[in-house]
Structures are given as structure tokens and as C-alpha cells.
Amino acid sequence: MLNEPATLREQVQDELEALIAIYGGDKVKPEPAHRRCTVLVDLASDDEPLPAELLLSLPEGYPDHTAPRIQLLSRYIGPFAVEPALFGQILRIYFAPVRADEDEPELPSLWQAGQVALFEGIEAAKEILAQYYRDHLVKAQAADYERQADRDKRAPPAVAEASIMPTPSTAQSQTLPCHLKIVSCDPIVDRKSVFVGHACRLKSRDDVSSVLSYLLSDRKIARAAHNISAWRWRAPDTGIVHHDCDDDGETAAGGRLAHLLELCHATDVVVVVSRWFGGVHLGPDRFKHINAAARAALLLSGAIE
């Protein structure tokens, strides 16, 4: 039994115990003193893990007189930034749905007075978030397909794979500040498309532009179809983490790299993935390779373990 204050009723204690049994003790974190609980859920995508963090608030009148409240804490669902409307949609889960027509019967709320409803709210939130991810993924894939088709029409004749594949090595140049060291992972090749990850530890926020400029000064890298990037840097004086990302034409890819850095708690690092298009559309597999190349480069740089 959870060690709850007397103000948290046994009925609610039992409900929290049930949530721990369903989702796991490492995913459900009750905070009895604040009458709230955080829950980390997995949206169970076939492509990759899709975690989302929810906050459940338990007013003193719950469950007899007052509905619980649910909030979305995550700022990204996969690679896609959460839009304000999605935050609002999650907040409204325990409110009765709005009727489109006054003649329609009133739809029941997830919460009814005297009934516990935390599990139902969590599952409803999971459905909403999973649909949000699917909708944005379809839009991203459609936009990428159209852009790639347009690029194929204008592309020059393909060159030999060996001529575009960079040699993985530690990048060194007199134009790169001496305190910076860029590492590149082994190329990942799939259906003649090539993916190479580059990473560099940062000493200051200004290092980001130096690293990106240096990489793009390499003609082989500059010829890549996409040079997708993301970085995070923690200001030593304030502790605030600054971050940014760039898709470079590969829809949502920069957000995926930013999400990877966040999940790995990586700071003071910039990661770039260069992709040379081999003439065959890879579909969702390209995101898997982008992620793998980025992770390999981050491991080489020591930014993650």
C-alpha cells in the first residue's frame, strides 16, 4: 500500500496501486503530498518507442464530487512538436463532450460522481496522442514524397556510390577551432542511400555555427541531399538548456534528432546526419537510419554512453 496522507482516501490509494500494477512502478510516480501523479506511457508505435508523460491531479473532492485533471507534460510526440490545441484537448478529457446539435442526447463524461476514472483518462489520452502522431506522420511523409519527386525531376545523373560516400574519420582542419573535435560514424547504406552521422562536443553556444560551417565546407557533405542537425547546450551561468534543430528538407527529421538528444539527456553537443539519396525511396526506414547514424556519432563523441 502506498504511504498516503490521511486526506487521500483509500479508494484513491487503491486506484493508484492499480495504475502501478498496470503500467509499472517505474512509469507511475505518485506524489501524495501534492495530490498528483505522473505517468509515463508508451504509445506503442511500430517504428520506434513513443513515450509521453502525463500529469494527473487529484482534487480533494475526487472521486465523489470533483473530476480529476489530466495534463500533457511532453513537448514532443515522437519528432513532432506538440501544438497548443493538443494540450487543450488533453485537458478537456474529463469534461463531457460538446454536442454538435442540441437535439442530440448528452454524451457521458469519462468521470461520474463517486467513480474512479484515472485509468480511463490515461487510455483516452493515449488514443488522442497516438492519433496525433499518425496524422502528423502521414502529412510529413506526403510532403517528403512530393519534395523528393520534385528533386528527382531536377536532379543531375546519379554518380557512383563510392564517389559520394565520405570516409569516416575524426574531422580536423585549421579552419575549425582547436578546442572542437568532430567525429563521424561508419556509413549506413540501404538501397544505395548513404547515411553518416557527425557529432561534436560544444564549449559554447557559438560553437554550433562553427561546426555546421566547417562540415558544409566539405564538398562531399555539401552535396548530400540532406544535412539534418540538432543541438543542445546548457548555459553554465543559468542552467537553462538552449536547443534547436533543422530538417534541411527532410520533414520532421530535425525534430527526431532533437527528441533523441532529449531522451538521452545529451547536452553541450551538436549532431548532424548527412543523407545521400540513392534513387530509391526508403519510406519510414530512412528515419530509422537517421536515428542510428546520430546515435552512433553521439557514442563516438562521448556525449552519450
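The following questions and answers concern a predicted model of a protein. Local features need pLDDT of at least 70 and side-chain atom pairs count only at pLDDT 80 or more, whereas totals for chains, interfaces and linings use all residues. Residues are numbered from 1 along each chain as its sequence is written, and side-chain values use heavy atoms, with hydrogens and water left out.

User: How many helices and strands are there in the protein?

Analyst: Helices (H or I, at least four residues) and strands (E, at least two) are DSSP runs, numbered from the N terminus. On that basis the protein has 8 helices and 13 strands.

User: What percentage of the residues in the protein is buried?

Analyst: Buried means under 20% relative accessible area, exposed over 50%, and partly exposed in between, with a 1.4 Å probe and protein chains only. The protein has 305 residues, and the buried share of them is 43%.

User: What share of the contacts with a separation of 6 or more is between residues 24 or more positions apart?

Analyst: Contact means heavy atoms within 4.5 Å. Among contacts in the protein with a separation of 6 or more, residues 24 or more positions apart account for 61%.

User: At what angle do the axes of H7 and H8 cross?

Analyst: Two packed helices are described by the angle between their axes and the distance between the axes. Axes are lines fitted to C-alpha atoms, for helices over the stretch in contact, and angles run from 0 to 180 degrees between N-to-C directions. The axes of H7 (residues 253–263) and H8 (residues 285–301) come within 10 Å, and the crossing angle is roughly 40 degrees.

User: Which word describes H7 relative to H8 at that angle?

Analyst: Angles under 35 degrees count as roughly parallel, over 145 as roughly antiparallel, 65 to 115 as roughly perpendicular and the rest as oblique. The axes cross at roughly 40 degrees. H7 is therefore, relative to H8, oblique.

User: Is the crossing of H7 and H8 left-handed or right-handed, and how do the residues of the contact divide?

Analyst: A crossing is left-handed if the near helix is turned anticlockwise from the far one by less than a right angle, and right-handed if clockwise; the crossing of H7 and H8 is right-handed. H7 contributes Ala253, Arg256, Leu257, Leu260 and Leu261, while H8 contributes Phe287, Ile290, Asn291, Ala294, Arg295 and Leu298. Ala, Val, Leu, Ile, Met, Phe, Trp, Tyr, Cys and Pro count as nonpolar, Asp, Glu, Lys and Arg as charged, and the others, Gly among them, as polar. The contact residues divide into 8 nonpolar, 1 polar and 2 charged.

User: How many of the residues of H7 are buried?

Analyst: The buried residues of H7 are Ala253, Gly254, Gly255, Arg256, Leu257, Ala258, His259, Leu260 and Leu261. H7 is mostly covered, and of its 11 residues the number buried is 9.

User: Which residues is His259 in contact with, leaving aside its neighbours within four places in sequence?

Analyst: His259 lies in helix H7. His259 counts as buried because its relative accessibility is 8%. Leaving aside neighbours within four places in sequence, its contacts are Pro51, Tyr76 and Gly78.

User: What is the omega of the peptide bond that joins Tyr62 and Pro63?

Analyst: Pro63 is in the loop between strand E3 (51–57) and strand E4 (69–72). Gln115, in the loop between helix H2 (84–91) and helix H3 (118–154), touches both Tyr62 and Pro63, not counting residues up to four places away in sequence. The peptide bond that joins Tyr62 and Pro63 is cis, with an omega of about 5 degrees.

User: What is the phi of Asp248?

Analyst: Asp248 is in the loop between strand E12 (241–246) and H7. Its relative accessible area is 32%, so Asp248 is partly exposed. Although Asp248 is not a glycine, its phi is positive, at about 50 degrees.

User: What relative accessibility does Arg191 have?

Analyst: Arg191 is in the loop between strand E9 (188–190) and strand E10 (193–201). Its phi is positive, near 50 degrees, in a residue other than glycine. Arg191 counts as partly exposed because its relative accessibility is 38%.
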